[in-house]
Amino acid sequence: MSKATSRTARKTIKETKPAKIVPRAKVDPITLSVVRGVLETTQREMTLTLEKTARSSVFNLAHDYSTALFNAKPEMILQGQDIPIHLGSLIPATKTIVRFFGDDIHEGDLILHNDPAYGGSHAIDLCMYKPVFYKGRLMYWTVCKGHLTDIGGPVPAGYNPNATEIYAECLRIPPVKIWDRGKPRHDVINMILSNMRARRDQEGDLNALIGACQVGERNLISMLDKYGVAQVEACVDELLAMADRHMRSLIKSVPDGTYVGTAILEDAGHGFGDFEITATVTIKGDGCRIAIKSPPQIPYFINSYEGNSHSGVYLGLMMFAQLPPPYNEGLYRCVSVDFGPKGTLCNASEPAPHMNCTTTPMETLTDAVRLAFEKAMPSKVAASWGHANGLNIAGWDSRNNEEYVTMVLATIISGAGATPQQDGWHACGPECCFGALTSGDIELLEYSYPIVIHRYSLMTDSGGAGKFRGGSGTAWEVEPLDKEMTFITFGEGRRIPAVGAAGAASHMIDSKVGRLELKRGGDTRIIKTNVIEKLKPGETVTNMNPGGGGYGNPLERPIDKVVWDVKNGLVSIKGAKEDYGVVIRDDDSLEVDMTATRRLRAAVAAQ
């Protein structure tokens with residue numbers, strides 16, 4: 001590849017003008033449904049392959065991976081209902097891969113990449129791309145993305161809060177073939193794995209990604225054998241057009257105009273201060289333009305490159321849209337996005353550090369986009385979910401005399417936001433994963449790593465107050481078994497709680513934000529910054545995650561529901577009084593003092 005071609009491959013992906021796509025041929029609804037079912041089953045089987053064949057807990061317990069199918073153009077023809085912060089970035093990333101290799105794409109190739117400068121999200125997410133040929137013609141791409149537990153660099157698990165440039169974070173892997181025309185490139189694979197800690201886990205997860213792409217290829221070829229190229233292509237075109245029609249119909253229902261949403265990204269304790277991220281949404285007919293304004297990039301690991309920022313924008317849009325399937329690139333044909341100038345927080349350029357970007361600032365970017373749309377159509381307003389506030393661990397496992405390292409996904413499970421119809425779900429976040437992430441069994445985590453987990457529970461008073469309460473966040477307490485352990489913190493949401501909606505407001509703020517409690521030598525220390533520290537046996541660290549935002553005036557929450565929350569440990573007696581104006585007796589009866597409650601609610605309402 002020439003230098004000129006390489007530069008072209010790394011250019012910002014320009015948005016095409018929205019255009020209505022007409023299917024090349026009519027298809028009957030039964031055949032369309034069958035082909036759609038084959039595509040969806042193929043994607044689910046790829047996901048199941050990752051779960052059942054992977055090595056690390058990040059894959060087989062937490063499911064921190066995503067899969068998608070693309071046509072040859074390439075357009076995403078099906079995205080899995082996986083991790084939203086992965087899926088949006090796969091669209092520009094796959095286009096970059098195809099442009100990078102050009103005509104040098106062959107049957108049996110497998111392409112690997114993680115570099116945000118080539119459309120990736122953050123470098124710990126490894127992307128695998130397999131071209132699918134049928135009778136000598138490139139037809140599809142099967143694509144997987146998964147969060148490896150380590151990606152090289154000076155800090156275990158990749159998150160380095162002290163990095164001031166990307167070179168201090170990770171092993172960067174630009175687009176590279178690890179299989180060439182059906183033959184594995186063992187030299188390349190060995191070079192990559194030799195730069196990673198806990199190699200056995202990384203090799204197992206890499207093989208799971210390879211296997212998932214191969215499973216997808218097998219199913220797609222079988223589909224073409226059964227239904228023929230012309231019929232399948234017509235069905236795929238119709239599925240793209242169907243998603244396009246769904247989004248255009250929604251956008252057309254929004255009043256024409258310009259709407260602005262701004263969300264605050266809090267200072268994580270490194271002295272850079274709070275930042276504003278603003279989304280300006282312009283609606284005209286069935287077209288939508290989203291312009292992002294963010295501050296200049298900083299020497300800290302929360303910068304987001306353009307590929308990753310696509311995910312944040314698309315998640316904010318889809319939280320508002322709430323459209324039915326199919327979910328594919330047709331959804332975004334009527335949407336254009338401007339991320340602002342290069343060198344900004346949401347459109348970073350090399351060598352900006354970035355590893356925390358899939359949570360911070362993506363959740364803030366998502367909030368800004370969603371808030372802008374909700375100004376356009378207040379009837380669809382909903383509260384924000386809890387932002388990620390997580391913990392990675394690493395050390396030496398004397399049980400097998402091997403190094404271990406992992407991202408503990410259980411530590412970022414926060415609360416979901418409330419809606420106009422119901423309370424937020426507990427332990428369902430964070431916002432960037434939108435319910436697709438799981439925490440796994442405590443016993444399996446203790447079996448996999450030399451740790452003792454003393455607590456994994458919901459947190460009292462963590463859900464945002466409202467007529468409908470936000471979902472509760474979680475607490476996860478760990479102690480190393482027999483040797484010193486390193487823990488690394490990342491994220492935010494430790495000072496500003498999840499944004500409520502429709503008049504929701506909380507008075508007890510400290511219980512609704514994230515933090516860590518480090519217990520050492522009889523002392524308890526509260527940590528609200530991103531740090532790298534050691535933990536010895538006999539010491540514990542508890543990661544506490546924020547709850548979701550509430551919806552509506554808390555004084556309108558029925559008293560019996562507040563009492564139910566108190567009885568079930570979701571709200572304390574103090575929280576009932578301060579957040580909801582409900583006075584409950586502090587005894588076994590938990591009876592409500594109705595006179596005091598009416599008086600208190602009236603006084604708060606008058607203020």
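Is Y449 buried or exposed? Select Y449 in the viewer: the residue is buried, with a relative accessible area of 3%. Here, buried means under 20% relative accessible area, exposed means over 50%, and partly exposed lies in between, with a 1.4 Å probe and protein chains only.

Before continuing, note that this is a predicted model, in which local features need pLDDT of at least 70 and side-chain atom pairs count only at pLDDT 80 or more, while totals for chains, interfaces and linings use all residues. Residues are numbered from 1 along each chain as its sequence is written, and side-chain values use heavy atoms, with hydrogens and water left out.

**Aromatic rings**

The structure contains 11 aromatic pairs. Rings of Phe, Tyr and Trp (its six-membered ring) pair if their centres lie within 6.5 Å; planes under 30 degrees apart count as stacked, over 60 as edge-to-face and the rest as tilted.

Select F59 and Y65. Their ring centres are 5.6 Å apart and their planes stand at 65 degrees, so this pair is edge-to-face. F59 is buried at a relative accessible area of 0%, and Y65 is buried at 2%.

Helices (H or I, at least four residues) and strands (E, at least two) are DSSP runs, numbered from the N terminus. Y404 is also buried, at 5% relative accessibility.

Then select F100, F101 and Y118, which form one aromatic cluster.

**A charge over a ring**

Move to K380, which lies over the face of F320 at 5.5 Å from the ring centre. A charge sits over a ring if NZ of Lys or CZ of Arg is within 6 Å of the ring centre and within 35 degrees of the ring normal.

Display the open sheet of four strands, ordered β8-β9-β10-β11 with mixed pairing. Two strands pair if DSSP finds at least two bridges between them. At the edges are β8 (257–265) and β11 (335–338), each pairing on one side only.

Select β8 with β9 (residues 275–284): nine bridges join them in the antiparallel sense. For one of these residues, A263, the bridge partner in β9 is I277.
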